[in-house]
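Please read the following briefing beside the sequence and the coordinates.

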Amino acid sequence: MTNATRIHCPTLRNRIMSASEAAALIPAGANVGMSGFTGAGYPKAVPQALAEHIQAQHAQGDNYRINIWTGASTAPELDGALAEADGIELRLPYQSDPTPLCQDSCRLH
């Protein structure tokens, strides 16, 4: 059984998309809520696709960052990927990955 066949409502079934397609729908400056609770409860595919999208936007000169809110701790596939892409403006309640939120402009010299 595929994901599409489990959804009986055609309107909802037509909304199934790839992680990259979903990431492209998130505008700069958005407040994005994601679940948390260690490796079992946080998303992995969309944050990584979003990090790639953010890096592409930065390459075009766009200062693309979002605000991330989670219910609990996450891990590298979420915090680390987005921090490494320099895509987090605000992280609540806390970031559990050691990657610094600001990659270039905020480093102490």
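**Surface patch and overall picture**

Trp69, Leu90 and Leu92 make a nonpolar surface patch of about 260 Å², where patches consist of residues with over 30% relative accessible area and no salt bridge, like charges being joined within 9 Å and nonpolar side chains (Val, Leu, Ile, Met, Phe, Trp, Tyr) within 5 Å. The model is a predicted one, in which local features need pLDDT of at least 70 and side-chain atom pairs count only at pLDDT 80 or more, while totals for chains, interfaces and linings use all residues. Residues are numbered from 1 along each chain as its sequence is written, and side-chain values use heavy atoms, with hydrogens and water left out.

**The chain as a whole**

- The protein chain has 6 helices and 3 strands, these being DSSP runs numbered from the N terminus (helices H or I, at least four residues; strands E, at least two).
- From the N terminus on, the order of the elements is α-α-α-β-α-α-β-α-β.
- Of the 109 residues of the protein chain, 36% count as buried, which is to say under 20% relative accessible area, with exposed set at over 50% and partly exposed in between (1.4 Å probe, protein chains only).
- The protein chain exposes about 6,700 Å², of which carbon and sulfur atoms supply 56%; accessible areas come from the Shrake-Rupley method with a 1.4 Å probe, and for residues only the protein chains shown count as cover.
- Among the contacts in the protein chain with a separation of 6 or more, 49% come from residues 24 or more positions apart, a contact being heavy atoms within 4.5 Å.

**The sheet**

- The 3 strands form an open sheet in the order β1-β2-β3 with parallel pairing, where two strands pair if DSSP finds at least two bridges between them.
- β1 and β3 are the edge strands, each pairing on one side only, and the twist from one strand to the next averages 20°.
- β1 and β2 pair over 4 bridges, with Asn31 standing opposite Asn67 in β2.
- β2 and β3 likewise pair in the parallel sense over 4 bridges, and Ile66 has Ile88 in β3 as its bridge partner.

- Helix α6 covers residues 76-84, and its buried residues are Leu78, Asp79, Gly80, Ala81, Leu82 and Ala83.
- The cover over these buried residues includes β1 (31-34), α5 (45-59), β2 (66-70) and β3 (88-92).
- After α6 comes Asp86, which has a positive phi, near 55°.

**Salt bridges**

- A search of the whole structure finds 2 salt bridges, each defined by a side-chain nitrogen of Lys or Arg within 4 Å of a carboxyl oxygen of Asp or Glu.
- Asp86 and Arg65 form a salt bridge in which the closest N and O atoms are 2.8 Å apart; this pair links distant parts of the chain, with Asp86 in the loop between α6 and β3 and Arg65 in the loop between α5 and β2, 21 residues apart.
- Asp86 is buried at a relative accessible area of 10%, and Arg65 counts as buried at 13% relative accessibility.
- Arg91 forms a salt bridge with Asp79, with the closest N and O atoms 2.6 Å apart; Arg91 lies in strand β3 and Asp79 in helix α6, so the pair ties together parts that are 12 residues apart in sequence.
- Arg91 counts as buried at 7% relative accessibility, and Asp79 counts as buried at 0%.

Technical notes:
Axes fitted to C-alpha atoms, helices over the stretch in contact; angles between N-to-C directions.
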